[in-house]
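Good morning, and thank you for coming.

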Amino acid sequence: MLSLTSALAMASGGDAGGAIPDLTFTWVGIAALAIFIIGYYFVAMEEHYHIDKAKPALLIGTFMFMLIALYYSINGLDMNLVHTQAQHLILEIAEIFFFLFVAMTYIESMIHMGVFDRLKYNLVSKGYTYRKLFWVTGILAFFISPIADNLTTALILSTVLITIEREKKEFLVPGAINIVVAANAGGAWSPFGDITTLMAWTAGKGTFVDFLFLFPASIIGYVITAFLLSKVVPDTVPEFDITKEKKPEMMAGAKVVMGLGVFTIFSAVMSHQVLHLPAMWGMMFGLSLLKLYAYKLKRIHGLGHFDVFSSMSKIENNTLMFFFGILAAVGALYFIGWLALASVVYEPSVLGPTWSNVGVGFLSAIVDNVPVMSAVLKASPEMAHSQWMLVTLTAGVGGSLISFGSAAGVGVMGKLPGVYTFGAHMKYSWTILIGYIVSIAVWYVQFEMLGFGA
């Protein structure tokens, strides 16, 4: 296979009438692959080297395409191919980039207006036992993440954990794992609950309703893991004095902002499914409504009450830059031809779609689900609709198997340093693996045996 591919790459040294040459075993192909591996090593070792993952991701993503352009220029190939591919890639990234930008703006606006502080107070003031709080935070994570995204949900609810208890690891560790698993599982059945599902949705691999069919597999797998984890959580009441906690009040207009957020999601769905516009079009429309409402609040309550641009300034731009860089890098690997080789595993004579997609979940836990899902979408192997739903499920849920396998896990590790660690997570990873297997089993029964949602 390698010899044949090498020969094809050499044979395509000139302009093939507009066809994209296979550059996998040329110097630029090998160099790009090496750059990607080295760059992603620094992304994965973010905590060890104390370097933001957006920096190496953005570097390799931009540099790899510049190398490709240089190779085309030196060898007299059609430069329009590079320009066209870069333009297509920018359009793909922009759709998701602006979607996330608006979603993050709404989340920061609700944080500013005290929505999540009020949620936190309501939870800690109920007098629940540790075990009941474990279940409440997990269920909230599962149902908030489909709207707010898994990272934001995990960060908010992990803050609730350390508000309840700061030292008792027998509650904090399973509680943190529970939130990560719930946020990832909840994000798997919503087109905007995770970047991977958003990518699959905008790529046209399923309609909005199609992703909802993953709800049974997501929730049953999560509940199995949560049930096993709950057995090690103390069934005692936390020792804290709620009278010392001041009851936070939401700012005027907070409920309207929440309503506008829901309407914005509705607009995104309608834009994509009914009007055949990019989903981000409806999101940007929702942002315009938020800005108009902010203007009204300013007229009523003054300048300092609520400012949309202030919320925008608090967005995690490093997440957006990482997203741009890693998708650009994967796009470069696709353009060179590496992903066409990787897609061979989907052939029935090798692993086939089902086992390949199950493997995607394990790979997501090691590498991170965003580049893995991007690679699958770029390679675009021939497989049934039910298989695209499976890879969406496994890429989302599989990221929970290792603590740094998802954005939610990395975020919670930062919130609970020294408590929620790689080792602490791996101690209970067997519970997550059981839930992962159950999720796949439910998918198989629902989609392959019953044909429901397929």
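Let me begin with a term: a residue is called buried if its relative accessible area is under 20%, exposed if it is over 50%, and partly exposed in between, using a 1.4 Å probe and protein chains only. The model before you is predicted, so local features need pLDDT of at least 70 and side-chain atom pairs count only at pLDDT 80 or more, while totals for chains, interfaces and linings use all residues. Residues are numbered from 1 along each chain as its sequence is written, and side-chain values use heavy atoms, with hydrogens and water left out.

Helices here are DSSP runs of H or I with at least four residues, strands are runs of E with at least two, and both are numbered from the N terminus. Consider helix α19, residues 369-379: nine of its eleven residues are buried, so that the helix is mostly covered. Among the buried ones are Asn369, Pro371 and Lys378. After α19 comes serine 380, with a positive phi near 45°.

I turn now to the interior. A nonpolar core is a set of buried Ala, Val, Leu, Ile, Met, Phe, Trp, Tyr and Cys residues joined through side-chain atoms within 4.5 Å. The largest one has 140 residues, of which Phe36, Met64, Tyr72, Phe99 and Met199 touch the most other members. Helix α5, residues 79-112, supplies the largest share of this core, 14 residues.

What does phenylalanine 36 touch, not counting residues up to four places away in sequence? With contact taken as heavy atoms within 4.5 Å, its partners are Ile60, Met64, Ile326, Ala329, Val330 and Leu333.

Next, the aromatic rings. Rings of Phe, Tyr and Trp (its six-membered ring) pair if their centres lie within 6.5 Å; planes under 30 degrees apart count as stacked, over 60 as edge-to-face and the rest as tilted. The whole structure holds 23 aromatic pairs. In one of them, phenylalanine 36 and tyrosine 40 have ring centres 6.0 Å apart and planes at 20°, and the pair is therefore stacked. Both residues, phenylalanine 36 and tyrosine 40, are buried.

The rings of tryptophan 189 and phenylalanine 215 have centres 5.0 Å apart and planes at 85°, so this pair is edge-to-face. Tryptophan 189 counts as buried because its relative accessibility is 14%, whereas phenylalanine 215, at 26%, counts as partly exposed.
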